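Me: I have a model open and would like to go through it with you. Could we begin with the charged side chains?
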Amino acid sequence: MTTFLVTFAAFLLVIAAMAVGYIFQRKVVKGSCGGLGAVGIEKECNCPEPCDARLKREAREARQEQWKKDRIV
């Protein structure tokens, strides 16, 4: 039981330290390796065609890019 309590306390300390770091620096906790894009994988699944949600998101992003391009400043 002592081992469990010490381990639990250590996890709480690490989580508290990360929270304090976020509060003061406003930085997001993120990985350092670059994710799947760093190894040449463009998407997370092996689906031959993107799902409906991804198609909608890509269409929305394309419209936003077009809007930015056509905008008169």
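Me: To what does the count of salt bridges come?
Reply: The count comes to one salt bridge, defined as a side-chain nitrogen of Lys or Arg within 4 Å of a carboxyl oxygen of Asp or Glu. Please note that this is a predicted model, in which local features need pLDDT of at least 70, side-chain atom pairs count only at pLDDT 80 or more, and totals for chains, interfaces and linings use all residues. Residues are numbered from 1 along each chain as its sequence is written, and side-chain values use heavy atoms, with hydrogens and water left out.

Me: Which side chains meet in the salt bridge?
Reply: Those of Glu58 and Arg54 do, at 3.0 Å from N to O. Side chains of opposite charge can pair when their charged atoms come close.

Me: How far apart are Glu58 and Arg54 in helix H2?
Reply: They are four residues apart in helix H2 (residues 52-70), which means a separation of about one helical turn. Helices are DSSP runs of H or I with at least four residues, and strands are E runs of at least two, numbered from the N terminus.

Me: How many helices and strands does the protein have?
Reply: There are two helices and zero strands.

Me: Changing topic, what percentage of the residues is buried?
Reply: Buried residues account for 0% of the 73 residues. Buried means under 20% relative accessible area, exposed over 50%, and partly exposed in between (1.4 Å probe, protein chains only).

Me: And where is Phe8 found?
Reply: Phe8 lies in helix H1 (residues 2-25). Phe8 counts as partly exposed because its relative accessibility is 44%.
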